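Keep the structure open while you read.

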Amino acid sequence: MSFLNHFKNDANRRTALYAGHVVADPSRCVQCGICSYNCPIGIDVRAHVWRDEAVIKSECLTCGECVARCPRGVLSFVQTDLFERRAG
Amino acid sequence: MKYVIVGAGVAGMAAVEAIRSVDLAGEILMVSDDPHGYYSRPGLAYFLTGELHDKALYPLAPDPQKIKFDHLKGRVTRLLQAEHALEVDGKARLTYDKLLIAVGACAVSLEIPGSKLEDVVKLDHLSDAKKILRLAKRGGTAVVVGGGITALELVEGLLARGMKVHYLLRGDRYWSNVLDRQESHIVEGRLQAEGVMLHHHAELVEITGRNGRVNGVRLLDGRAIKCDLVAYAIGIHPSLDLAANTALALDRGLLVNEHLQTNDPDIYAAGDVAQAYDPLSGRSVLDSLWNPAREQGHVAGLNMAGRKTAYLKSPPFNVTRLAGLTTTIIGAVGRGHDEDVLGIARGDSETWRDLPDAIVAQSGFDVNHMRLLVGERSLIGAILMGDQTLSKPLQKMISNRADISSIRGKLLEPDAPIADLIADFWVGWRKTIAL
Ligand SMILES: Cc1cc2nc3c(=O)[nH]c(=O)nc-3n(C[C@H](O)[C@H](O)[C@H](O)COP(=O)(O)OP(=O)(O)OC[C@H]3O[C@@H](n4cnc5c(N)ncnc54)[C@H](O)[C@@H]3O)c2cc1C
Ligand code: SF4
Ligand code: SF4
């Protein structure tokens, strides 16, 4: 596959929908903004990363767009612990 | 207390936040000369390829509504140490009690005949990136010279914008003091597959032009290449103009101790301009990396506001794309000298070339490639190309100096399945350490 495909706006690396939320490893982040730019509902993911906060927003679609597009492997999903959530 | 911060990059911004977290009353003034203010420099590469709109490059700066500080646009032209004063744009004067110099680094300029022509470009600032895009719109052929990450970013950006690209390398392979021969080969192969014309042992001696516009280059061996644009990335140097004619201690950068303090107790330095003392190696090293710049700015800010804090350098680390291949570089992985870069490049660390005597364990070929530098008891460096599953585990293991004695022997066996060994080790080790 041509590496130029990396630069096209297709999202074939999209991760499947998840019961979870987006967490970050801020030490890898260069604040480039690709995550925020691609979030379909305009969550400023980058700002969360700067403050080392997980994206725990009810609007988050967990669509995986930000996780898949971050070029530095900053973002990942952690599965929301359904058991804990129920208990809490 | 009056704090003045010169430079609105990530180091300066992190310092503002840190000072405010300690001192709510002091006055903070930031002075910077970039007309575009604070934005992500590493993001410029994605702006060039078209993955990002320029508006998206501006990160969340400390919000002046929430974190009180003033920002003045202007260039600091002189530092008057004895008077605790600065001169801005050659005239206005301001005073400080504590000063942070966070002015970053800039590209080493290309000094050959023709290098001042309009179509000769570098990539330091957003204004450079915008100029490159404007010129690339015309199409045609580009020649790229230099090394490290930025040279490839230029190659990839120009290619993505539809230009034909020649890439000139002085030596026999790409980034020879960080990558090994096989890794350079992987990168070069991928560039060639995209149609990039690579020229080894190619020494650029002249850029030719007509009516002020570039029309070609000439090499030392007499070869000539027709082109419309020349882009260079031959290294960077810390911006030391401000320190000229002062008593500040300099080496290749501004020398600072582990509190990011210069030899003047009221002046601190952080980010690309600082040559920071590393207590582990006992040496002072330059980095050109975003996260160390942020950490240094943070620690400098705390110290300026009176909270004594030491900067502990972690093994430098970068995740980047080399010819479209995601690559993680951690700790010490190479040595020696790269003919394409003078000193240090962007997204680079001197520590990467500090390889002590270590043994190499290597596996994989082409797009899934891993090289580990195995020390006596721990890993001291790693390069990972392609699949990045082990990138975070390796980063943690190297920065925490995980004791790998239990798998060291197996890692060094010929054809060892090093990825499996590391993955298994990680599963057990992570439980023993709070990450
Ligand atoms: C194209 C490119 C690619 C990069 N890739 C990576 C990467 O992959 N990974 C990575 O970790 N890092 C990368 N970097 C490096 C990273 O961006 C820098 O390490 C980081 O930005 C350094 O921050 P800083 O605050 O020290 O300096 P800078 O961000 O350079 O900021 C310096 C500030 O000082 C101002 N200034 C300078 N002189 C004066 C003066 N006399 N008066 C007033 N203001 C002044 C400038 O206008 C600017 O606002 C890259 C950089 C570039 C340009
Ligand atoms: S895309 Fe990744 S590196 Fe870029 S700002 Fe978002 S989290 Fe940071
Ligand atoms: S998972 Fe989707 S909706 Fe949620 S922050 Fe990322 S891009 Fe936005």
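This is a predicted model: local features need pLDDT of at least 70, side-chain atom pairs count only at pLDDT 80 or more; totals for chains, interfaces and linings use all residues.

## Around ligand 1

The shell around ligand 1 holds 31 residues, and those that come nearest are D33(B), R41(B), V76(B), D272(B) and W290(B). Sorted by class, the shell has 13 nonpolar, 9 polar and 9 charged residues.

R41(B) has a polar side-chain atom 2.8 Å from an oxygen atom of ligand 1. V76(B) uses its backbone instead, with an N or O atom 2.9 Å from a nitrogen atom of the ligand. For N318(B), it's a side-chain N or O atom that lies 3.0 Å from a nitrogen atom of ligand 1. On its own, ligand 1 has 1000 Å² of accessible area, and the protein covers 97% of that. Three elements of chain B give two or more residues each to the shell: α1 (10-22), β2 (27-32) and α6 (290-304).

## Around ligand 2

Now over to ligand 2, which has 13 residues around it. Closest are C29(A), C32(A), G33(A), C35(A) and C70(A). By class, the shell around ligand 2 splits into 10 nonpolar residues, 2 polar and 1 charged.

## Salt bridges

Side chains of opposite charge can pair when their charged atoms come close. Across all chains, a search of the whole structure turns up 24 salt bridges. One of them joins D25(A) to R28(A), with 3.6 Å between the closest N and O atoms. Are these two partners buried or exposed? D25(A) has 10% relative accessibility, so it counts as buried, and R28(A) is buried as well, at 5%.

In chain B, R321(B) and E51(B) meet in a salt bridge with an N to O distance of 3.0 Å. This pair bridges distant parts of the chain, 270 residues apart: R321(B) sits in strand β22 (residues 317-322), while E51(B) is in the loop between α2 (44-49) and β3 (70-73). R321(B) counts as buried at 11% relative accessibility, and E51(B) does too at 10%.

Another bridge pairs R138(B) with D119(B), the closest N and O atoms being 3.5 Å apart. R138(B) is in the loop between α3 (126-136) and β10 (141-146) and D119(B) in the loop between β8 (105-107) and β9 (120-121), so the bridge ties together parts 19 residues apart in sequence. R138(B) is partly exposed, with a relative accessible area of 45%, whereas D119(B) is buried at 0%. There's also a network: D33(B), R75(B) and D241(B) are joined by salt bridges that share partners.

## Helix α4 of chain B

How many residues of α4(B) are buried? The count is 12 of 13, so this helix is mostly covered, given that buried means under 20% relative accessible area. Among the buried residues are the charged E153(B) and E156(B), along with L152(B), L154(B) and L158(B).

The helix's length checks out, too. At 1.5 Å a residue, the 13 residues of α4 (residues 148-160) should span 18 Å, and the end C-alpha atoms are 19 Å apart, which agrees. Just after α4(B), G162(B) takes a positive phi of about 90°.

Note on methods
Residues are numbered from 1 along each chain as its sequence is written. Chains are lettered from A and ligands numbered from 1 in the order in which they are written. Side-chain values use heavy atoms; hydrogens and water are left out. A residue is near a molecule or strand if one of its heavy atoms lies within 4 Å of it. A polar contact is a pair of N or O atoms within 3.5 Å; within protein, one must be able to donate a hydrogen and the other to accept it, and residues adjacent in sequence count only if both atoms are side-chain atoms. Accessible areas come from the Shrake-Rupley method with a 1.4 Å probe; for residues, only the protein chains shown count as cover. Helices (H or I, at least four residues) and strands (E, at least two) are DSSP runs, numbered from the N terminus. A salt bridge is a side-chain nitrogen of Lys or Arg within 4 Å of a carboxyl oxygen of Asp or Glu. Buried means under 20% relative accessible area, exposed over 50%, partly exposed in between (1.4 Å probe, protein chains only). The expected span of a helix is 1.5 Å times one less than its number of residues.
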